[in-house]
Amino acid sequence: MNSNLADCNEMKKRTIIAISVVILAGLIGAWNLYRVIYPQHVINVDGKTLNLGQVYSQHLLTTVVITADGETILTVTAPINTVVKQLTTKLKSEVDEVNHSLPVGAKMRLATAYFNADITLHFSTIATYSGQHYAAISMPLEAVTVTYTANDQLQFDDIIELAQRYQNKTQQTFNDNYNFIK
């Protein structure tokens with residue numbers, strides 16, 4: 001009889017353990033399902049962690065600012081995928097404007113034009129999201145500032161190449177860490 005009682009107690013322990021394991025597995029599964037249904041897309045803005053919830057739209061806006069001797073001489077703001085094209089168009093426009101006053105043999109090209117002053121290039125990108133918990137919220141994603149002296153003779157083509165590298169790096173950072181719509 002003691003053996004039957006011991007067997008019964010052992011069976012109860014095993015049943016309780018089995019039920020506990022099933023409940024724990026169910027809770028883990030439910031949590032994973034909850035995270036699929038209600039995603040926790042989190043960003044940091046001004047030192048605050050914000051949960052966007054489900055993200056409905058997201059956009060990257062890049063600004064390129066070129067300053068010389070403390071004055072802004074060129075600004076381009078565009079979606080990240082078109083900023084290099086728009087920067088190229090603006091720089092080409094600058095070359096065309098200068099070429100109007102030059103004789104035929106002295107005309108510049110985009111590949112050879114350069115600024116004859118100390119310049120600073122500032123690239124910055126913000127990500128703007130529309131989501132479950134925020135109608136529209138922007139987060140600074142990346143910012144880079146580079147300074148060149150007049151002696152560097154940084155050509156317009158070099159500026160375009162720098163913008164292309166910035167665009168590629170920033171887009172990759174976004175895709176790896178902040179792209180919530182895949």
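These legends accompany several close-up views of a predicted model. Because the model is predicted, local features need pLDDT of at least 70 and side-chain atom pairs count only at pLDDT 80 or more, while totals for chains, interfaces and linings use all residues. Residues are numbered from 1 along each chain as its sequence is written, and side-chain values use heavy atoms, with hydrogens and water left out.

View A. Let's start with one of the three salt bridges in the structure; the term means a side-chain nitrogen of Lys or Arg within 4 Å of a carboxyl oxygen of Asp or Glu. Helices here are DSSP runs of H or I with at least four residues, strands are runs of E with at least two, and both are numbered from the N terminus. Asp96 is partly exposed at 33% relative accessible area, and Lys92 is partly exposed at 43%. For these labels, buried means under 20% relative accessible area, exposed over 50%, and partly exposed in between (1.4 Å probe, protein chains only).

**View B. Lys169 and Glu142 meet in a salt bridge.** The N to O distance is 3.0 Å. Lys169 belongs to helix H3 (residues 156-177) and Glu142 to strand S6 (residues 137-148), so this pair ties together parts 27 residues apart in sequence. Lys169 is partly exposed, with a relative accessible area of 46%.

**View C. Glu161 pairs with Arg165 in helix H3.** Their side chains form a salt bridge at 3.9 Å, N to O. The two are four residues apart, so about one helical turn lies between them. Glu161 is partly exposed, at 45% relative accessibility.

**View D. Strands S1 and S2 form a hairpin.** S1 (residues 41-45) and S2 (residues 48-53) run antiparallel and are joined by five bridges; strands pair if DSSP finds at least two bridges between them. Look for Val42, which stands opposite Asn51 in S2. Two residues lie between the strands, and Asp46 in the turn has a positive phi of about 50°.

**View E. Asp69 and Gln153 have positive phi values.** Most residues other than glycine have a negative phi. Asp69, with phi near 50°, is in the loop between S3 (55-68) and S4 (71-79) and is exposed at 62% relative accessible area. Gln153, with phi near 45°, is in the loop between S6 and H3 and is partly exposed at 43%.
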